[in-house]
Amino acid sequence: MGSSRNLTLYVDFFSQPSRAVVIFCRVNEIEADVHLVSLGKKETRQPPFLAINPLGQVPAIDDGGFTLSESHTIMRYLAATRKVADHWYPEDLEKRACVDRVLDWHLGNLRRGVAPYVVHRELAPLLGRTKNPTLAAEAEACLKQSLKTMETVWLKDSPFFAGGSQPSIADISSACELQQLKLLDKEESGGLLAPYEKVKAWMVAVEEFTAPYFVEVHGELEKLAKILEDKRKSEAEAEVETAPKL
């Protein structure tokens, strides 16, 4: 099914769900105007954006006057209203249910682990918040359990989620989530992923399947990761310089 209506995406590229929607549109050649809404500047709380999404969250879309939010719902909607390869969100109801199952799992598990862990390990000061070690520890436990589930359940018998030989919207959503770990110290993020060979191979496969868009859309995240890496290096060097000489 195609659509002649004008589609506008309201996104922030520091938002994992926003990145998933943009990648989905680009890999499927869905024409859309991208309108940036800054979370850091609190533009999602301003009246112009609240008229699009009263919940004040990105991503959101305006499809010829029809507005919609929630990334998973947006991708389902676009799969139904645009010409999209069936593997992204299958017409077969059993296959579709398997994709929906992973999408529901993602929200209550992987996202609940990654997002607060990265915030309370790294990003809190940039967001005007204080790091909370207790919340970081709780999120770390959730993240590790989620990675184990990915390795032993979702990727047990197939290279992509939901038993597919090609990725679905569940793969894009979760890959964008996990990519947030790049904001951590490389040794720390590498240690978290080290036991999970299937997860690491899956990340590579999703990036390759969606090339070049996955890398392009994560450009701002990569820039922030480099800034944070340089900051950690400078702080470590300063500590060495000020350490008592024995």
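Two residues are in contact when heavy atoms of theirs lie within 4.5 Å. Helices are DSSP runs of H or I with at least four residues, numbered from the N terminus. With those two ideas in hand, let's look at where helices meet: Leu110, Arg111, Val114 and Ala115 in H5 touch Ser174, Glu177 and Leu178 in H7.

Before going on, please note that this is a predicted model, in which local features need pLDDT of at least 70 and side-chain atom pairs count only at pLDDT 80 or more, while totals for chains, interfaces and linings use all residues. Residues are numbered from 1 along each chain as its sequence is written, and side-chain values use heavy atoms, leaving out hydrogens and water.

**Two helix pairs**

The table sets out two pairs, using axes that are lines fitted to C-alpha atoms over the stretch in contact, with angles from 0 to 180 degrees between N-to-C directions.

| Pair | Residues | Axis distance | Angle |
|---|---|---|---|
| H5 and H7 | 110-123 and 169-178 | 9 Å | about 25° |
| H4 and H6 | 93-108 and 133-154 | within 12 Å | roughly 165° |

Angles under 35 degrees count as roughly parallel, over 145 as roughly antiparallel, 65 to 115 as roughly perpendicular and the rest as oblique. H5 is therefore roughly parallel to H7, and H4 is roughly antiparallel to H6.

In the second pair, Arg101, Val102 and Trp105 of H4 meet Ser146, Thr149, Met150 and Trp154 of H6.

**The nonpolar cores**

A nonpolar core is a set of buried Ala, Val, Leu, Ile, Met, Phe, Trp, Tyr and Cys residues joined through side-chain atoms within 4.5 Å. Buried means under 20% relative accessible area, exposed over 50%, and partly exposed in between (1.4 Å probe, protein chains only).

The largest such core has 60 residues, and those with the most contacts inside it include Leu178, Met150 and Leu143. Which residues does Leu178 contact, leaving aside its neighbours within four places in sequence? They are Leu110, Val114, Leu143, Leu147, Met150, Leu193, Val199, Trp202 and Met203. A second, separate core has six residues, among them Val37, Phe49, Val58 and Ala60.

**A closer look at Lys144**

Lys144 belongs to helix H6. Is Lys144 buried, partly exposed or exposed? Lys144 is partly exposed, because its relative accessible area is 40%. Beyond its neighbours within four places in sequence, Lys144 is in contact with Leu192 and Tyr196. Lys144 and Leu110 are 34 residues apart along the chain, and their C-alpha atoms are separated by 8.9 Å.
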